[in-house]
Amino acid sequence: MAFDKAAFIEQVKEMTVLELSELVKAIEVEFNVSAAAPVAVMAGGGDGPVIEKVQTEFDVIMLSAGQKKIAVIKVVKDVTGLGLKESKDFVDSLPKAVKEKVSEAEANEIKEKLEAEGATIEIK
């Protein structure tokens, strides 16, 4: 017997939220997978379910350049692609976002590079 995807979808449409939750749990157990959404997580409580967004984009904010300003300017130049003068002007006008809306891995990499040269960095 062939699987009828359309019929299955119609059955799912008719299910209650509780039935859908039980179906998802059964699939997770049967196939040893997780249906956890990377962007939204359901949290219980209150009058109904609340959707909490998981942060996927981060801003790297430089609060100060520290003692090794020239070394920090070089890293800013490499990270941002700005010219040398623009990088110096950038460092002179702190606090400021070095990079915005980057992945957590990229944000941490930038933070490590700048902190290695003595800068004070915050990730938001």
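Reader: Which residues make the nonpolar surface patch of about 310 Å²?

Author: In this predicted model, Phe3, Phe8 and Ile9 make that patch, where patch residues have over 30% relative accessible area and no salt bridge, and nonpolar side chains (Val, Leu, Ile, Met, Phe, Trp, Tyr) are joined within 5 Å. Residues are numbered from 1 along each chain as its sequence is written, and side-chain values use heavy atoms, with hydrogens and water left out. Local features need pLDDT of at least 70 and side-chain atom pairs count only at pLDDT 80 or more, whereas totals for chains, interfaces and linings use all residues.

Reader: Switching to the core, which of its residues touch the most other members?

Author: In the largest nonpolar core, which has 18 residues, these are Val60, Met62, Val72, Val76, Val91, Val98 and Leu114; such a core joins buried Ala, Val, Leu, Ile, Met, Phe, Trp, Tyr and Cys residues through side-chain atoms within 4.5 Å.

Reader: Which elements supply it?

Author: β3 (58–64), α3 (69–80), α4, β4 (96–102) and α5 (104–116) each supply at least two residues, and the largest share, five residues, comes from α3.

Reader: What about Ser87, buried or exposed?

Author: Ser87, found in helix α4 (residues 84–92), is buried, with a relative accessible area of 0%. Leaving aside residues up to four places away in sequence, Ser87 touches Ile73, Val76, Lys77, Thr80 and Leu82, contact meaning heavy atoms within 4.5 Å.

Technical notes. Helix = DSSP H or I, 4+ residues; strand = E, 2+ residues; numbered from the N terminus. Buried < 20%, exposed > 50% of the residue type's maximum accessible area, 1.4 Å probe, protein only. Patch = residues over 30% accessible without salt bridge, like charges linked within 9 Å, V, L, I, M, F, W, Y side chains within 5 Å. Areas by Shrake-Rupley, 256 points an atom, 1.4 Å probe, with all protein chains shown as cover. Salt bridge = Lys/Arg side-chain N within 4 Å of Asp/Glu carboxyl O.
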